[in-house]
Amino acid sequence: MKKGLIEVLFYIVLVFGVSFLLTTYVGQRTRVNGESMYPTLHDDDNLIVDKVSYRFSDPRRYDIIVFPYRYKDMYFIKRIIGLPGETVQIKAGYIYINNEKLDAPNDLGKAALAGLAEYPISLDKNEYFLLGDNRSGSEDSRFSNVGNVKFRQIKGKVWLRIQPVSRFGLISSR
């Protein structure tokens with residue numbers, strides 16, 4: 001009886017330990033709150049965030065990433081538009097990278113509201129300029145309360161939608 005109890009306790013500790021390691025270093029479940037990434041992501045979508053990829057490769061333009069916003073337990077989900085060392089500007093509703101109009105799929109190169117990007121924004125090394133896909137309803141790098149996001153702030157890349165089940169699947173960067 002005592003041996004059986006010790007085995008059960010061992011397996012409980014093992015399961016919690018593995019769960020902790022997976023959610024801390026490999027992946028994390030997060031939920032979309034709001035419509036700033038519509039139509040790609042919807043309010044209440046449940047996602048899995050890949051926390052490993054950026055240990056081996058740099059974030060790329062159009063990746064959808066998760067980063068903390070003001071409070072440790074609140075996260076934003078946005079799309080990378082500007083990369084380290086680039087200059088970003090929004091003119092006449094279009095995004096320019098290093099003075100060249102961004103030729104992006106699915107209207108990702110457009111933004112009617114320029115905000116801070118009305119004037120050129122130079123990104124430092126390890127800084128990213130982020131926008132929500134719903135450009136008219138997104139609080140993102142165009143606004144001073146968000147601004148540019150540093151690499152160390154990025155928690156991971158959105159990888160998989162797990163709910164609603166009707167839209168289950170991998171999240172494309174384009």
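## The largest pocket

Strand β4 contributes the most to the lining of the largest pocket, giving six residues. The structure described here is a predicted model. In this model, the largest pocket has a volume of about 330 Å³. The elements that supply two or more residues to its lining are β1 (27–31) and β4 (71–82).

In total, 15 residues line the largest pocket, and those nearest its centre are Arg31, Val32, Asn33, Tyr75 and Phe76.

## Strand β11 and its partners

Strand β11 (residues 156–163) pairs with strand β2 (residues 46–50) in the antiparallel sense, over five bridges. Within this pairing, Leu160 of β11 stands opposite Ile48.

Strand β11 also pairs with strand β3 (residues 64–69), again in the antiparallel sense, over two bridges. Here Gly156 in β11 is the bridge partner of Val66.

## The hairpin from β11 to β12

Which strand does a hairpin join to β11? The hairpin leads from β11 to β12 through five residues. Strand β12 (residues 169–170) runs antiparallel to β11, and two bridges join these strands. Leu170 in β12 is the bridge partner of Leu160.

Notes
Residues numbered from 1 in each chain as written. Predicted model: local features only at pLDDT ≥ 70, side-chain atom pairs only at ≥ 80, totals over all residues. Heavy atoms only, no water. Pairing = 2+ DSSP bridges. Helix = DSSP H or I, 4+ residues; strand = E, 2+ residues; numbered from the N terminus. 1 Å grid on protein atoms, 1.4 Å probe; cavity = no way out; pocket = protein on both sides within 12 Å on 5 of 7 lines; lining within 4 Å. Points joined across faces, edges and corners; volume = space filled by probe spheres on them.
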